[in-house]
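Let's take a walk through this assembly together. Keep the viewer open and turn the model as we go.

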Amino acid sequence: METITSIKPLLAVLASLLVVPILVTSTRVPNVREAWTFVAATVKFLIVLSMVPTVLKGTEIVYTVAEVIPGLAIKFRVDTFGMLFALVSSSLWIVTSAYSIGYMRGLKEHSQTRYFCYFAICLSATVGVAFSANLLTLYLFYEMLSLATYPLVVHHQDPEARKSGRKYLLYILGTSIAFVLPAMLISYNLAGTLEFAKQGFLAGTASKPLIVVLLILLVFGFAKVAIMPFHSWLPAAMVAPTPVSALLHAVAVVKVGAFSILRMITGVFGTNLLLDLHLGTLVCYAAAFTVIVASLIALTQDELKRRLAFSTIGQLSYIILGIALLSPKGMIGGMTHIAMHAFGKITLFFCAGAIAVATGKKYISQMVGIGKRMPVTMIAFFIGSLSVIGLPPCGGFISKWYLVLGTLEADQMLMLFVLLGSSLLNAAYFLPIVYKAFFCTPEESMFENKVQEAPPWCVVPLVLTALLSIVLFFYPQPFLELARMAVEGLLGG
Amino acid sequence: MSEQYPALLVVVPLLSALVICVAGWVNKRLCFPIAVAALGVAAYSCIGLLLRVLDEGVIVYKLGGWDPPMGIAYYVDHLNGLVLSVVSVVALLNLIASKKSIDQEFPDKIGPFYTLYVLMVTGLLGIVVTGDAFNLYVLLEIAALTGYGLLAMGEDRAPLAALNYLYMGTIGACFYLLGVGYLYIVTGSLNMVDIAKILPSLYQSKAVLGAFIILMVGVWLKMAFFPLHAWLPNAYTYAPSAASSLIAPLVTKVMIYVMIRFILTVFTPEFAFNILAVSDSIVWLAVIAIVMGAILALAERNLKKMLTYIVIAEVGYMVGGAWLGNRAGMTGAILHIVNDALMTLCVFLVAGNIVYKLKGYAFDDLKGLYRKMPFTMTAFTVGVLSMIGVPPTCGFFSKWYLILGAIRAEHWFFMGALLFSSLVNAVLFFRIIEIAFFEPFTDHHAHGHDHQPEPIDEAPLSMVVPLWIVAAALVIVGIYTSDIVTKIIQFAIPEGIL
Amino acid sequence: MQMLVAKYNYWIYITLMMIGLYAMIAKNNLVKKIVGMSIFQTAIILFYVSIGAKRGATIPIIEHGHGEGHGAGTHMVHAVDYINPLPHVLMLTAIVVAVATLGVALALAIRVYNRYNTLEEDEILAQIREK
Amino acid sequence: MKIIGLIIAVLTGALLIYGTVDFPGWADPASPASTHLSPHFIEKTMEETSVPNIVTAVLADYRSYDTMFETTVIFSGGVVCFILLRIFRRKEPEDRLYRHVLTGATIRVKEGGKIPPDSDDFERIDTLWTPHDLIIKTVCRLLIPFIQLFGLYVIAHGHHSPGGGFQGGVILGASIMLLAISQDLRTAVQRMREKVDALLSPTGVFIYAGTGALCLLLGLNFMDYSALASVLYVDPVTARSHGILIVEIGVGVAVMATIIWIYNNLSSAGKYDEGL
């Protein structure tokens with residue numbers, strides 16, 4: 001594969017990092033501050049976008065920042081898969097920025113500058129993860145993301161938020177230090193490199209038991225993907241302001257986890273190695289277990305954001321499951337699901353936030369009849385639900401379709417049933433909300449007449465993402481194409 | 001002049017210490033500039049010397065013009081070149097940062113304080129640069145005596161803590177002296193290189209074994225290696241800020257250097273790792289040191305004391321790394337000397353700034369500090385990340401090598417201990433960050449109840465700027481790890497170690 | 001037995017050292033610890049000085065007439081005639097170090113006494129615990 | 001603690017004794033210590049430094065760097081004692097004792113009481129150390145000059161006989177201490193002011209280190225006294241001998257001043273008014 005050297009990946013990472021000092025200095029002028037956020041978001045998106053044609057041509061963009069350990073550098077490599085993820089997260093940042101303004105000002109939150117600063121840092125780290133060329137760089141940005149998210153989780157500063165923050169750090173930082181770090185060093189010791197390779201760099205270097213240990217360490221070590229039993233930080237992190245939950249805990253942070261695991265499976269171990277040792281199934285079962293259990297738990301949650309959180313846990317494991325099937329279709333499904341689920345779930349979170357801004361309600365049992373008062377929001381919610389359940393005409397259908405094909409291709413009937421069963425469960429925990437919102441009898445309605453839609457800063461973004469979810473059903477090409485190219489690249493065409 | 005660097009880096013601080021002592025009686029304001037100039041020259045010489053070593057290899061400097069082993073000679077190689085630079089730079093930065101707090105804490109004893117400070121640095125630099133085992137003892141005592149004095153100047157319990165330190169330190173130094181005596185009896189020499197030449201024929205001698213053990217125990221006592229650490233926490237906690245932020249980063253590190261020097265140069269790795277079958281047990285001791293240091297730190301509700309227990313755990317890192325007996329571990333230990341000196345300096349300077357402004361350092365005093373002292377606390381965050389070992393701060397990279405060494409030696413418990421200590425550090429420091437970031441500031445001495453917005457009350461510029469330099473250095477050193485390892489440390493370790 | 005006779009001096013010094021060490025660790029009174037420290041250091045000094053001894057040799061000061069004129073050759077100095085000077089030199093240094101350490105230790109003890117009005121370690125610890 | 005101490009002491013002792021098994025016998029002329037370095041010192045000292053006292057030559061020339069730091073050690077000991085103990089804001093003791101010289105009667109002045117006029121009739125005495133002994137005072141007064149003279153001799157004659165800067169410095173210091181003990185601290189401090197101690201102490205070390213630095217400035221290595229040949233107009237070997245004398249004087253000054261300094265601080269707990 002051709003490679004060219006260009007500083008663009010670094011610029012893409014730095015775009016949101018360099019804006020932080022400006023944000024800090026413009027604390028007193030919120031409008032200027034928000035304008036800068038937009039500028040940074042747009043610049044970042046444009047930089048990422050400008051690399052798309054190159055990547056689509058099958059060329060990789062490489063940039064070495066510094067060689068920090070002899071033979072091991074902080075290095076970026078933009079390939080199709082990384083590009084897919086970077087595109088999703090950087091485009092959604094723009095939308096979320098707009099939404100944040102509506103949400104934060106609507107609720108008159110404190111410390112808004114801090115909020116926007118750390119948000120920007122998070123995005124830098126996310127794109128950094130997407131463009132990492134080796135495990136060290138990935139680890140660096142992964143840790144950066146963990147730490148930058150902490151102040152956002154604890155934003156409310158009350159005892160509950162701080163407790164959640166502690167839990168968050170314990171899980172995320174704890175697993176990365178206790179699992180990923182040793183696994184990374186053991187791999188380095190075995191292979192002498194950490195550079196992601198097409199068929200992994202571990203092949204032929206270690207015995208099977210060691211590979212199993214490493215696989216377990218690396219899969220569970222990236223706890224951001226919330227595979228059980230390392231999932232409980234995610235519901236706890238829902239104490240954060242909703243835009244944080246939306247972008248970070250439905251898109252950026254959690255998908256960084258999923259992305260990292262995909263990178264591990266493809267770039268560190270290599271599909272062939274895992275196929276030879278029949279280890280894909282191991283990961284499959286872990287993911288399948290999480291899918292089912294998380295969906296079941298989601299059914300029991302009354303707080304909307306927590307239900308969404310458990311839904312996210314389940315959906316993330318779809319991605320892992322798809323990749324761990326180790327079949328081309330399954331992998332395409334998994335990768336596409338990153339994008340499709342992102343648009344669907346962010347819509348749902350935006351809706352939850354909009355409801356909170358407009359009514360202050362957080363619990364599903366209090367939302368009976370809300371559809372009459374906030375029709376736009378709830379329709380968007382419906383679309384988002386469809387996408388997450390995986391029904392046409394929404395993007396989620398496409399990825400789930402490929403996932404199902406993947407199970408057939410890999411001849412994993414059990415997984416097929418898991419997928420289908422979980423879709424039913426998804427429907428079971430989403431659709432009643434929509435039903436009660438629209439079709440309840442008037443006397444059950446819990447809302448005064450004065451309740452209106454949330455401010456436009458909130459509503460416009462959520463409509464936008466809902467529409468995009470539908471558009472992605474009809475035009476899934478950009479993401480599907482990137483995923484297909486990535487998989488072809490990985491499996492050698 | 002560059003051929004005189006080895007002499008200058010010791011002589012200039014020594015002479016200036018004397019001048020400062022006199023100046024203290026004449027005009028107190030002269031003391032600080034002289035001290036800064038002296039340490040500046042020392043730092044310049046150290047770095048110049050390191051650069052020369054990089055060019056020319058080992059530099060031998062004969063004091064008095066006498067050929068070793070008759071006279072005393074310096075052998076400056078990559079190892080002490082590196083440690084010298086770190087020691088001198090840390091001492092200089094801390095001196096500048098501590099001026100205000102020294103003025104605040106000892107208004108009428110500025111002269112002697114600076115004298116002791118500069119003498120202590122002289123002693124530490126001398127320990128690192130010398131190639132003579134007995135000369136090292138004398139310098140050890142200079143560093144120790146001045147250290148007792150500096151530490152004892154602190155609050156309330158400081159003299160008692162310093163006295164305990166003195167007992168332990170004296171036992172340590174005496175053990176060291178005995179060890180050198182044993183070596184002298186069987187070899188007839190005091191020059192490290194000369195001893196190393198004679199020793200191979202004596203590897204089976206019981207006297208050499210006795211010398212080795214007693215020497216190591218002495219050095220461990222001085223570096224507070226668990227279970228010989230009991231003197232350290234109180235001594236460093238109650239010390240004045242300027243003293244604790246000089247001594248905590250440097251003394252233990254210099255003693256680690258001495259240990260490594262004796263392993264590598266005097267006894268040779270062959271003897272230490274292959275003939276004596278003790279490496280494994282020492283690494284086990286290190287494991288216990290790290291774990292106990294971490295656990296004891298968890299129990300503290302007082303910033304400075306907590307930091308002292310972390311120092312003890314870090315000593316375990318380096319001792320363990322050095323005794324893993326492989327290249328990666330040794331690299332990690334040497335790299336950690338550099339990194340840990342900077343990290344410890346960073347957090348202790350922060351503690352100094354806090355004490356300067358708040359007169360207290362219990363956890364309850366730290367509430368709301370991020371709002372009150374944003375610059376100090378930002379630097380603190382960087383230091384903390386380095387202590388936890390988050391890339392790209394330098395703490396990550398030394399931990400990287402240490403863990404790699406543990407993997408190569410297949411010493412899984414040492415790896416586990418390192419990870420455990422990282423986790424505990426994370427818990428410890430985020431507990432503080434949580435208090436400092438999210439709890440509202442409470443002023444114990446506040447009068448009335450008017451709720452005005454809290455004014456930002458940052459430490460003076462002369463304290464913040466060096467602190468930021470240190471914090472920046474943490475990241476820069478981290479990024480340049482590769483250069484440090486390939487250009488310096490690689491040559492500091494004999495080729496025999498794989 | 002032969003061995004014992006040949007090295008009894010070292011054994012005596014080691015016993016002395018250990019008396020000092022024991023006092024430093026086990027004694028309750030801070031000044032007694034300092035006394036123990038002095039014993040310890042002095043024993044080491046004795047130990048070193050005894051290394052310098054040489055059978056049939058005298059103190060290392062060259063008599064007048066020997067070796068003058070920069071080795072003119074008439075009266076050569078023979079190493080066997082003089083004891084080893086090096087340990088003496090080292091111990092001059094060690095004595096000074098011991099004196100300085102003693103001074104500092106006593107100064108610290110005075111500070112401790114001023115603060116707690118006692119030099120018994122257990123009483124001091126009891127006072128600290130009370131607070 | 002006692003049992004732990006005993007165990008540690010016994011274990012350490014056992015280890016040390018175990019190590020002695022491989023020692024060469026005591027006073028064995030063939031031991032490594034006597035055959036490796038010392039023959040060179042014994043046989044070449046006259047030739048290389050022209051100092052008959054080999055210990056002095058090794059101390060102040062071959063290993064002069066050690067000795068410089070040994071002087072520094074005692075200097076820093078002095079500074080530490082000073083910084084730890086010295087109390088500048090003096091509080092007069094509540095009771096003062098005065099002795100009427102002619103009758104030997106002792107007067108106690110309570111706090112706030114009228115202090116006798118400054119005259120030869122009354123002398124202030126320490127609260128704790130009151131005996132008055134004419135014999136001791138007189139003998140000491142007579143002895144002290146001779147002690148000091150001997151101290152100077154020991155310093156100056158270190159080249160040829162046992163002695164040198166340390167020994168001489170200590171003797172000089174002891175003479176002042178004898179004054180303090182036989183009279184009282186105030187008398188001794190009057191003879192040798194605190195400031196004088198505090199300045200002489202670094203000065204002595206400075207003479208030593210400065211000589212070394214001078215060699216460095218003259219183009220040779222630090223402490224290479226043969227560089228002084230061009231300043232002193234003698235041959236390099238004699239220059240070494242002179243160099244040794246200069247640094248010995250430095251040592252003497254430093255040790256004398258520091259010993260007195262330490263004594264003053266320790267005996268009066270930093271108050272400089274009363275003490276042994």
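What follows goes from confidence to the chains one by one, and then to the places where they meet.

First, the ground rules: this is a predicted model, in which local features need pLDDT of at least 70, side-chain atom pairs count only at pLDDT 80 or more, and totals for chains, interfaces and linings use all residues. Residues are numbered from 1 along each chain as its sequence is written, while chains are lettered from A and ligands numbered from 1 in the order in which they are written.

Chain A averages 85, with 97% of the residues at 70 or better. Within chain A, helix α16 (residues 370–373) has the lowest confidence, a mean of 79, and helix α7 (residues 135–153) has the highest, at 90. Chain B averages 89, and 96% of its residues score at least 70. A contact here is a pair of residues whose C-beta atoms, placed from the backbone, lie within 7 Å.

Helices (H or I, at least four residues) and strands (E, at least two) are DSSP runs, numbered from the N terminus, and two strands pair if DSSP finds at least two bridges between them. Strand β1(A) (residues 3–5) runs parallel to strand β2(A) (residues 60–69), and three bridges join them; in this pairing Ile4(A) sits opposite Ile61(A). On to the next partner: β2(A) also pairs with strand β3(A) (residues 72–78), this time in the antiparallel sense and over seven bridges. There you'll find Val62(A) facing Arg77(A). The hairpin of β2(A) and β3(A) has two residues between the strands, and Gly71(A) takes a positive phi near 80° in it.

Chain D has a sheet of its own. Three of its strands form an open, antiparallel sheet in the order β2-β1-β3. β2(D) (106–109) and β3(D) (122–125) stand at the edges with a single partner strand each, so one side of each has no neighbour in the sheet. Neighbouring strands are turned by 35° against each other on average, direction ignored. Four bridges hold the antiparallel pair of β1(D) (residues 96–100) and β3(D), and Arg99(D) stands opposite Glu123(D) there.

Chain C is another story, with five helices and zero strands. Of its 131 residues, 46% are buried, that is, 20 or more other C-beta atoms lie within 10 Å of their own (C-beta atoms are placed from the backbone; 12 or fewer is exposed, and in between is partly exposed). Among contacts in chain C between residues at least 6 apart in sequence, 60% join residues at least 24 apart. Pick out Arg111(C) in helix α4(C) (residues 86–116). Is Arg111(C) buried or exposed? Arg111(C) counts as buried, because it has 21 C-beta neighbours inside 10 Å. Leaving out residues up to four places away in sequence, Arg111(C) touches Ala152(B), Pro159(B) and Leu84(D).

That brings us to chain B and its contact with chain D, which takes 54 residues from chain B and 48 residues from chain D. On the side of chain B, α5(B) (133–152) gives the largest share, 11 residues. By class, this side has 35 nonpolar, 14 polar and five charged residues. (Ala, Val, Leu, Ile, Met, Phe, Trp, Tyr, Cys and Pro count as nonpolar, Asp, Glu, Lys and Arg as charged, and the others, Gly among them, as polar.)

Chain B also meets chain A, with 22 residues from chain B and 23 residues from chain A. Helices α17 (394–408), α18 (412–438) and α20 (481–492) of chain B each supply at least two residues, and α18(B) gives the largest share, eight residues. The side of chain B divides into 16 nonpolar, four polar and two charged residues.

Finally, stay with α17(B) and see how it packs inside its own chain. Cys394(B), Phe396(B) and Phe397(B) in α17(B) meet Leu474(B), Val477(B) and Gly478(B) in α19(B). The residues of this contact are five nonpolar, one polar and no charged.

Definitions and conventions
Contact = placed C-beta atoms within 7 Å. pLDDT = per-residue confidence, 0-100. Axes fitted to C-alpha atoms, helices over the stretch in contact; angles between N-to-C directions.
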